[in-house]
Amino acid sequence: MAVESAEVCIIGGGCMGASTAYHLARLGIRDIVVIEREAQLATGSTGRNAGGVRHQFSDPANIALSIESIALLERFEAETGTPIDFWQDGYLFLLSSEASEAAFRANVSLQRTAGVEVEWLDAGEAARRVPGLVVDGVRAATFCARDGIADPNGVTMGFAKAAQAAGVRVMRDTEVTGIDIEGGRVTGVVTSRGRISTPMIVNAAGPWARQIGAMAGVTVPIDPLRRHIFIAQPEKGASWDAPVHRGKVPESRLMVIDFETSFYFHREGAGLLFGMGDPAEASGFDTTVRWDFLPQVTEVAMTRLPALGDAAITHAWAGLYEMTPDHNPIIGPAGDVAGVFTIAGFSGHGFMHAPAAGRALADVIAGRDPKLNLSPFAHARFAAGRAGGEQNVV
Ligand SMILES: Cc1cc2nc3c(=O)[nH]c(=O)nc-3n(C[C@H](O)[C@H](O)[C@H](O)COP(=O)(O)OP(=O)(O)OC[C@H]3O[C@@H](n4cnc5c(N)ncnc54)[C@H](O)[C@@H]3O)c2cc1C
């Protein structure tokens, strides 16, 4: 497909690009092209994430993004026609240090003030709610029943298909290689399929957003960080639901996070999905699975969910978090170049915030009130050295 001009060029066909396109189209801005380097949408970070969706954040701005996003996910199929396999079986955070207990007490108070129902549990109650869970050393836990997991591919395709039905064009297999700027304004995007004249670009390139920003002369402080996910079955080909394995892991899709170690797990069909951050991981674009990291994860996993000690790892992949210095995203106009907008840098919690973030950016682009406090997400905060940011990053 050759495109010569567009009112808005969205660079990146992950959940952010798709959500922004959908919400712009709903506002009547339809002369849009979404440009994606890969053959399919949602193959970047979006296609490699754990699907987790939660209200439980420390920054009120993120709690607000969650409230709006989760409400949209709840009506997603009715609004877009695409199912997203959304299970609201809750998120349970396990807290083992005095510091995290104090921080979560403050977070829960903020969440409740915003109208989110979050429970404060003791370790015994946490154990009662999660078959197979060991709570040695756990001081307290928090639980929000409306948190859950959904299908990132479904959400991205749902937004993209609805946007396309409204007239938005999607160019796959097309790489952006340059951005033309004249007199401090965007005038065009150079791609592997030719140049597109445009006065506006949206940088939705996730972990690659720094590179796209540089093409426009804008510094975008986002660095890629590899994160692993493993899938376990009790033994190859067997389900955790088989009578012999029942009770060793949860039957529901509940997400459990051991906050001190960042080890987390949830049921994924007949298997169990789990992961953990590696504090030694340096930033970079390599997404090769480091199998030598697995024993480190398993060592922690066995202390919380002993069933994983004997399990068969049937599948593993690695993807990239898109880290900013304060672990909050950048949403809005970028730098001094007119016509450049950014929606990237969600630092590992972007899938769940794509619905509200795309809606808010669409409003900004259309010159409307975004109805959310976007100042914690402003590009200018880095130059201003503003303190703050998100503490509850897993
Ligand atoms: C292991 C893992 C687990 C995660 N778990 C969760 C979770 O449970 N919950 C949650 O909310 N978030 C989670 N995340 C984070 C989440 O996946 C991201 O925040 C989110 O997907 C970011 O979406 P995006 O659209 O900004 O980026 P991406 O999905 O990476 O999309 C960017 C797109 O830009 C394209 N692109 C880049 N450069 C160019 C170019 N030059 N030309 C054209 N196209 C280009 C890329 O191909 C890519 O498709 C996880 C991430 C990982 C890696």
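How many residues has helix 1, and what distance does helix 1 reach from its first C-alpha to its last? Helix 1 has twelve residues and reaches 16 Å between those atoms, close to the 16 Å expected at 1.5 Å a residue; the expected span is 1.5 Å times one less than the number of residues. Helices (H or I, at least four residues) and strands (E, at least two) are DSSP runs, numbered from the N terminus.

The model is predicted: local features need pLDDT of at least 70, side-chain atom pairs count only at pLDDT 80 or more, and totals for chains, interfaces and linings use all residues. Residues are numbered from 1 along each chain as its sequence is written.

Of the twelve residues of helix 1, eleven are buried, that is, 20 or more other C-beta atoms, placed from the backbone, lie within 10 Å of their own. Among them are Cys15, Met16 and Ala21. Their cover includes strand 1 (8-11), helix 6 (152-165) and helix 9 (354-365). Just after helix 1, Gly28 takes a positive phi of about 95°.

Helix 1 (15-26) also supplies at least two residues of the shell around the ligand, as do strand 13 (223-233) and strand 17 (312-323). Strand 17 gives the most, with four residues. Of the 41 residues around the ligand (C-beta atom, placed from the backbone, within 6 Å), Gly14, Gly44, Gly52, Gly206 and Gly350 come nearest. Domain 1 (8-50 + 153-222 + 326-384) and domain 2 (91-145 + 224-323) both give residues to this shell, so the ligand lies between them; the domain bounds come from an automatic or database domain assignment.

Note on methods:
Contact = placed C-beta atoms within 7 Å.
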